[in-house]
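Trainee: Please take me through one part of this model in close detail. I would like to look at the sheet and what surrounds it.

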Amino acid sequence: MSSHRGRIAGIITCIVLLVGFISLYSRRLDGIAFTEKFHVPREATPVSKIDLDGKLNFGARPAVQTRTSWNAPIMWELMFDGSLYDRKHKEADTAVALTVFAVGRYLEAYLNTFLTSAEKHFMLGLPVTYFVFTDLPEKVQNITLAPQRNLKVVKVEKYSRWQDISMMRMKTISEVIDAVLKYDFHYVFCFDVDQIFKARFGSEALGESVALLHAHYYKLPKHMFTYDRNPKSKACMTEGDYYYHAAIFGGTCEKVKALTDYCYVNIMEDKLNNVEALWHDESHLNKYFWLNKPTKLLSPEYCWDESIGDASDIQLRRLIWAPKDYEKLRTR
């Protein structure tokens, strides 16, 4: 009897996962709706590979790690010439999409500051379109945008739990990449909204697959990393390279879609088994980057928490965590 039940459970699992994959890879009708509503007029062009790693000064920051074991750069201040990156990307006519979710109280608390600070520091000189996903599109304020900068607002469902909002953004990002972004943009960066740009966050951050070192863990020994350790979860990890922060990730449309598809499918399989990863989508993101090494890592200078006492490695705070009051902000 138990083996019979096991076979039935296995069949049900396969069916649910098959439906999930079909949903991810067969979205033509949904894609048409996305495209008609949010299409940015621009001819689709292939991504031009701009590899300036050979120009990086890996010895400029001897106190920190500047290169991974698989030879990916870890970007710190003083390692690069920003004007060189900007010139090459302007010559290539690089276009960047930025996705950000502002659901519920997060919209009023953070969105305007996030966008206005991004206009001062994010990918200046390049065509950038902000895609704001919110359940309250009518409350998104107009902001002054520079030439070649656009803002698109996309209405999304508000889930009852903040954990579900966080995790299900992976599905939404994958859908908008498939429907719109891959036709009009070379790169996409995905941000949490509760952050503030403070200094250059420029084209040196662009790459095929980009991950962010978590400010609270980059100095800690690996045994202290908060990977999901539950063997019942698809996010379970017994070893890893670094602890990555899901507040920022990016890359080419193809690579970001692969990441978000992976996270979404595994989140759904966990849900089927009544399991939730320790740090939700961030746990699945860490598992993905363990199996699929990022080609570029951003140092904590690109996402710093001012509450951390030791900031001796941080020569330039490019973006900081905004003050948080989770008791008021999060839907339980």
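**The sheet and its aromatic surroundings**

Mentor: Start with one residue pair. Phe191 has Ile248 of β8 as its bridge partner. This is a predicted model, so read every value as computed from it. Now widen the view to the two strands. β5 covers residues 187-192 and β8 covers residues 248-252. They run antiparallel, and five bridges join them.

Next, the whole sheet. It is open and has eight strands, with mixed pairing. The order is β1-β9-β7-β8-β5-β2-β3-β4. β1 (74-75) and β4 (149-155) stand at the edges. Each has a single partner strand, so one side of each lacks a neighbour in the sheet. Helix α4, residues 105-121, packs on this sheet. The helix touches β2 (96-101), β3 (128-134), β4 and β5. Its direction makes about 175 degrees with that of β3.

Across the whole structure, a search finds 26 aromatic pairs.

Take Tyr227 and Tyr243. Their ring centres are 5.8 Å apart and their planes meet at 35 degrees, so the pair is tilted. Both residues lie in the loop between β7 (209-212) and β8, so the pair ties together parts 16 residues apart in sequence. Tyr227 and Tyr243 are both buried.

Then take Tyr244 and Phe289. Here the ring centres are 5.3 Å apart and the planes stand at 65 degrees, so the pair is edge-to-face. Tyr244 belongs to the loop between β7 and β8, while Phe289 sits in helix α7, residues 281-291. The pair links distant parts of the chain, 45 residues apart. Both Tyr244 and Phe289 are buried.

Rings also meet charges. The charged end of Arg67 sits over the ring of Phe58, at 3.6 Å from its centre. Lys293 lies over the face of Trp70, 5.4 Å from the ring centre.

Last, the cysteines. Which count as buried, Cys263 and Cys303 included? Cys263 does, because its relative accessibility is 0%. Cys303 also has 0% relative accessibility, so it counts as buried. A search of the whole structure finds zero disulfides.

Conventions. Residues numbered from 1 in each chain as written. Predicted model: local features only at pLDDT ≥ 70, side-chain atom pairs only at ≥ 80, totals over all residues. Heavy atoms only, no water. Pairing = 2+ DSSP bridges. Helix = DSSP H or I, 4+ residues; strand = E, 2+ residues; numbered from the N terminus. Contact = heavy atoms within 4.5 Å. Axes fitted to C-alpha atoms, helices over the stretch in contact; angles between N-to-C directions. Phe/Tyr/Trp six-rings, centres within 6.5 Å; stacked < 30°, edge-to-face > 60°. Buried < 20%, exposed > 50% of the residue type's maximum accessible area, 1.4 Å probe, protein only. Lys NZ or Arg CZ within 6 Å of the ring centre and 35° of its normal. Disulfide = S-S within 2.5 Å.
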